[in-house]
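Subject: Structure for you to look at

Hi,

Here is the structure I promised to hand over. Please open it first, then read my notes below.

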Amino acid sequence: MPIPAQPSQTFSERLDYLFVSSRQPNGKKWNPNAVATAVRLIGQPVTGTYLGHLRKGERTNPRLALVQALAEVFGVPVGYFVDDSAAEVVAALGDPAKAPQLIELRRLVDVGSRLDADGLRRVMT
């Protein structure tokens, strides 16, 4: 079983967790070429080879647009890759392919993670 996203994990460790723990809409495991195809359909140029390098930590500085596309493909908030609390929520919720309604919850968490303390207080009351 993959190790859930933990505080202080690297981008590559978090990306690898998504590859291992989530599935494509057809139920198959993700592989770098399948993810690259999905990312290109969103409009971001990328190769499976480059994604493999990111996953292994051999490349470490992806473009923001690519990170946003990866988040969309995997159904996680963009903050998952850089925010420990967002990563913990994603790990706790599990694979979005198993429960599509979790994608909406993840989006809500993503929006909530961008609120300041006053904004959170207003939403919670």
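This is a predicted model: local features need pLDDT of at least 70, side-chain atom pairs count only at pLDDT 80 or more; totals for chains, interfaces and linings use all residues.

**H2 and H4**

Find helix H2, residues 32-42, and helix H4, residues 64-74. They pack at an angle of about 110°, and their axes are 9 Å apart. That angle falls in the 65 to 115 range, so H2 and H4 are roughly perpendicular to each other. The crossing of H2 past H4 is right-handed.

Which residues of H2 and H4 meet? From H2 come Val35, Ala38, Val39 and Ile42. From H4 come Leu66, Ala69, Leu70, Glu72, Val73 and Phe74. By class, the contact of H2 with H4 has nine nonpolar residues, one charged residue and no polar ones.

**More on H2**

Which residues of H2 are buried? They are Ala34, Val35, Ala36, Ala38 and Val39. Their cover includes helix H1 (11-21), helix H3 (48-56) and H4. An α-helix has 3.6 residues a turn, so residues three or four places apart point the same way.

Now check both ends of H2. At the start, a side-chain oxygen of Asn31 comes to within 3.0 Å of the backbone nitrogen of Asn33. Just after H2 sits Gly43, with a positive phi of about 115°.

**H1 and H3**

Next, turn to H1 and H3. Their packing angle is about 115°, with the axes 6 Å apart. H1 is therefore roughly perpendicular to H3. On the H1 side, the contact has Phe11, Ser12, Leu15, Asp16, Phe19 and Val20. On the H3 side, it has Leu51, Leu54, Arg55 and Lys56. By class, the contact of H1 with H3 divides into six nonpolar, one polar and three charged residues.

**Ser22**

Last, look at the loop between H1 and H2, where you will find Ser22. Is Ser22 buried or exposed? Buried means under 20% relative accessible area. Ser22 has 2% relative accessibility, so it counts as buried. A polar atom of the Ser22 side chain lies 2.6 Å from the backbone oxygen of Leu18.

Best wishes

Methods
Residues are numbered from 1 along each chain as its sequence is written. Side-chain values use heavy atoms; hydrogens and water are left out. Axes are lines fitted to C-alpha atoms, for helices over the stretch in contact, and angles run from 0 to 180 degrees between N-to-C directions. Helices (H or I, at least four residues) and strands (E, at least two) are DSSP runs, numbered from the N terminus. Angles under 35 degrees count as roughly parallel, over 145 as roughly antiparallel, 65 to 115 as roughly perpendicular and the rest as oblique. A crossing is left-handed if the near helix is turned anticlockwise from the far one by less than a right angle, and right-handed if clockwise. Contact means heavy atoms within 4.5 Å. Ala, Val, Leu, Ile, Met, Phe, Trp, Tyr, Cys and Pro count as nonpolar, Asp, Glu, Lys and Arg as charged, and the others, Gly among them, as polar. Buried means under 20% relative accessible area, exposed over 50%, partly exposed in between (1.4 Å probe, protein chains only). A polar contact is a pair of N or O atoms within 3.5 Å; within protein, one must be able to donate a hydrogen and the other to accept it, and residues adjacent in sequence count only if both atoms are side-chain atoms.
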